[in-house]
Amino acid sequence: MYILSAEHIRKRYADHTALDDVSIQIPKGSIFGLLGPNGAGKTSLIRIITQITAPDQGKVFFNGELLAPKHIGRIGYLPEERGLYKKMKVGEQLLYLAQLKGLSKAEATARLKVWFRKFEIESWWGKNMEDLSKGMAQKIQFVATVLHEPELLILDEPFTGFDPVNANLIKDEILKLRDKGCTIIFSTHRMESVEELCDYIALINKSQKILDGPTKQIKNQYKTNTYVVEGEGKLVSLPSMFDVRSMQEPEEGFFKAIIRMPQGVAPNQLIESLINQVQIHSFVEHIPSMNEIFIRNVTGKTDPLPAEELYKLSQTI
Amino acid sequence: MKKILLILQREYLVRVQKKSFVIMTLLGPLLIAAIYAVPVFLALRENKVRNIAVVDESGLLKDTFKGSKQLVFTPIGNSLQTGKQAVLDEKYYAVLYVPRISVDNPAGIKLFSKKGISLDVEGAVERSLKKEIEDVKLQQAGIDKQVLERIDTRVSVDTMSLTDGEGERDSSTGAAFIVGFAAAFIIYISIFIYGVQVMRGVIEEKTNRIVEVIISSVKPFQLMIGKITGIALVGLTQFLLWIILGTAISTAAIGVLKSRDDVSQEQVDAVLKESPALEQRANMPEKVMTALNTLNIPLLLGTFLFYFLGGYLIYSALFAAVGAAADSDTDTQQFMFPITIPLILSFVLAQYVIQNPDGPLAFWLSMIPLTSPIIMMVRIPFGPPAWEIALSMVLLVLGFLLITWIAARIYRVGILMYGKKVSYKELGKWVFYRV
C-alpha cells in the first residue's frame, strides 16, 4: 500500500527541465530517502508533493486519491532553507502555524505543551524568535512541522544545524513517528543518515530518477564480489582469476588484502586457495556504502571499485 | 476564508503591537498639536512690552505716535547720541531714528538696538510708521480720515452653483479646493506608507524563508490578500486613533491655555492675528467646517472611503509583487520605479486638475485606475457628473481585479525564487506560468 505515488511527473521552468518523467511510490509507514546531488530536482518534486507548485504533466495520488488541497493538513513539510518570523514569540508563532494547518487553537496549545515538555523547552514559549540560537530555532521548526500529526512528513536535510546530541534527539523522534505509522520522506545528501534510517530510497540525478527500491536490495545489487581478508603469514600467489586490488602489511608477518572475484565464483573457492598459505583472521564481504552507490551513479563511473573507495577501504582496520 | 482571516489577524496584531506603531500613533497627534501650540506658546512668552525711544528730526511724528500693546514709543528729543546711550544703558529696548525726510521719500530711518531686533518688532515698527506717514499724507492732500474710512468697502462674492431641478446651491470654490486636495493628499501618503509596508512584509517572509512553510499550508493568493487587508486595517486603526487622540489633545491643550491666569483668550487671539500664517492655520478648521457644509458630505465620505481602499488595494498588490520579485530591500529599486511613477504623477497633475476640474486631463486621469484614486478625489468636491463617478468606480474595480490577478501571478512565482536577478521579461513570463 502506497501513501503517495507520483506518476510520470514532468516540470519545466523557463530555461530548464526540473523533472523529466519521474515516478516514485512511497510505501506507507516507511522512511523513504530521496537522494540526489544539488540541483537534481529533489526540491521541485517536494514542492509538487506539498502542492506549492503543480506539475506540467503527470499525476500525484495521496492514499489512492488524486492529490488535492484537502490533503494539506495531512502533510508536514520541513524545508531545507528554513526560518520563522523573527519578531514573533515562539508560542504565538507555533500556534499560528498549527492553525494554518487546520488545528483548533485549544488543540494546538495542548499538543504544544506536550512537545515543549518533551524537549524541555517550556521556558522558550514567551521568547522572541530572534533571541534563539540557530539550533534552538531548528527545534522549534521541527515541532512546527510535526505538530498537526501528519500522515506524511517531508524532511529536507533535517539534521543540518544540529549538534550531535540534538541530531540524535531528532533522529529518535523521527523513528518514533515512523513507529506510530507516519511515513517519512527524507531528502538529503548525507549518506550516513540514509543508511541508518531509510527503508527505501530513490535517486534523482539531472531531473531523472535513476535508481529506486528497498535499501537492502539496492545494496545487494551493487555488491562487487569483493572481500577484505586479514590474517597472519605471507600471501605469495593466487590463481589468476582472483584480482588482488590491494595488499598491505600492517605489521611484520601480518597482511590485509582486498580481493575481487569474478561473478559466479563462490567465496569458498577463495578461502580454499588462501587456507594453504596463511592463517585467516577475518574474511568480510565488502558491501558498498550508500555513498559509493550514490557517487557511482551520479558521476557515471563504471569502475565498480574506484580508487578513492579502495583507498578508504584499505585504511579502515 | 478562515485561513485568510488567520493571516490577516497575524499581520494586524504583529504590527499593532510593535513599538514603532505605538510611538507613531502617540507622537503623530502630539506633533500636529505642537505645530499649533509651539508658535503660540513662544509668541506668548515673547510678549513683554518693549519701550522704544524715538528721535524725530523730521517733526513728522506726532507726540501721540501710537505703538501697539507690545510696543511703546517715547519721544526723547532730538539727540540720537543720548538715545543710543540710553539703549546701551538698557533703559530702552531700541531707539528709532527718523532723519529729516520728506513724506514722499521716507528713506534713512534707522532702528538701533543692543541685541538683535526680532522680525516681529521690526514689522510692528514699520507698520506703525507707515500708518503715521499715511495719515500725514492724507492731511496734506486734504482728505478727511473719516471720509476715507467710509469709502473703504469690503467685498466678498458668494459663489453659487446651478443644478438642474434643485435650483441654486451654495458652492465654495475655496472649500472644494481644500477638501479635494486634502483628500487626495491623504490617499497619496497612505498608499505610499502602507504599500511599502506590504512590500517589506513580503520581503521579510522571503528572506526569512518562512514563506515555504506558509505556502505549504495556504495558497500564495490567500497569503497575499491576508497580508494586504491586515495592513489596510492597521492603517485604518492608526487613522482612527489619530483622530481620537488629536481631538482629545487639542481640546486639552486649548483648555490648559485658557485656564492659565496670565494668558487670556484675547491674548491668544492677538498672537494669532499678528502672525498671518498662524491665523490662517488657526482659522482653517473653522473655515473648512463652514465650507464643508456647502459640500455633499455623504458623497464625499463615501467616495473617499472607496477611492482610499481601491487605490490602496491596487497599489499594495503591485508592491507585494515587487517584494516577491526582489531578494532584499535594495533590490526593489528597479521595480519600485514604474509603480511610483503613476502615483507621483497623479499627485503632481492633481495641481493642474484642480485648476480645471472638468477639463479633458481631469476626465481621462480620473478614468485610469492607477491615477483615478487621487484625481477623482480632487474632482469630487467640484461635483463632477454622476456618470463619470460611476464609470471611474467601475473602471477602478475592474482595474483592481486585473492588476491583482497579474500581481498574484508574479507573487506566487517570485516568493519561491531565490538569489536571482529578475528582469522585466522574466516577470512577464511568470504571469503566464502554470502553477
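K206(A) sits in the loop between β9 (200-205) and β10 (208-214) of chain A. Helices (H or I, at least four residues) and strands (E, at least two) are DSSP runs, numbered from the N terminus. The model here is predicted, so local features need pLDDT of at least 70 and side-chain atom pairs pLDDT 80 or more, while totals for chains, interfaces and linings use all residues. Residues are numbered from 1 along each chain as its sequence is written, with chains lettered from A and ligands numbered from 1 in the order in which they are written.

**Exercise 1: chain A as a whole**

How many helices and strands does chain A have, and what share of its residues is buried?

*Solution.* 
- Start by counting: chain A has 10 helices and 14 strands.
- Next, draw a box along the principal axes; the C-alpha atoms of chain A fill roughly 75 × 45 × 35 Å.
- Then check burial: 34% of the 317 residues in chain A are buried.
- Finally, take contacts in chain A between residues at least 6 apart in sequence: 71% of them join residues at least 24 apart. A contact means that two C-beta atoms, placed from the backbone, lie within 7 Å.

**Exercise 2: inside helix α2 of chain A**

Which residues of α2(A) are buried, and what covers them?

*Solution.* 
- First, the tally: eight of the 11 residues of α2(A) are buried, so the helix is mostly covered.
- Now the names: V90(A), Q93(A), L94(A), Y96(A), L97(A), A98(A), Q99(A) and L100(A).
- The cover includes α3 and α4 (134-146) of chain A, along with α1 and α7 (211-215) of chain B.
- Zoom in on Q93(A): it has 21 other C-beta atoms within 10 Å, which is why it counts as buried. Beyond neighbours within four places in sequence, Q93(A) is in contact with L84(A), Y85(A), M88(A) and M129(A). Q93(A) and M129(A) are 36 residues apart in sequence but 8.6 Å apart in space, C-alpha to C-alpha.

**Exercise 3: α2(A) against α3(A)**

At what angle do α2(A) and α3(A) pack, and which residues meet?

*Solution.* 
- Helix α2 (residues 90-100) and helix α3 (residues 105-118), both of chain A, pack at about 125 degrees with axes 9 Å apart. Axes are lines fitted to C-alpha atoms, for helices over the stretch in contact, with angles from 0 to 180 degrees between N-to-C directions.
- That makes α2(A) oblique to α3(A). Under 35 degrees is roughly parallel, over 145 roughly antiparallel, 65 to 115 roughly perpendicular, and the rest oblique.
- Now the contact: G91(A), L94(A), L95(A), A98(A) and Q99(A) in α2(A) meet K105(A), A108(A), T109(A) and L112(A) in α3(A).

**Exercise 4: α2(A) against α1(B)**

At what angle do α2(A) and α1(B) pack, and which residues make the contact?

*Solution.* 
- The angle between α2(A) and helix α1 (residues 2-16) of chain B is about 160 degrees, and the axes are 10 Å apart.
- α2(A) and α1(B) are therefore roughly antiparallel to each other.
- Y96(A), Q99(A) and L100(A) of α2(A) make the contact with K3(B), L6(B) and R10(B) of α1(B).
- Step back to the two chains: their contact takes 22 residues from chain A and 18 residues from chain B. On the chain A side, α2(A) gives the most, with four residues.

Key:
A residue is buried if 20 or more other C-beta atoms lie within 10 Å of its own, exposed if 12 or fewer, and partly exposed in between; C-beta atoms are placed from the backbone.
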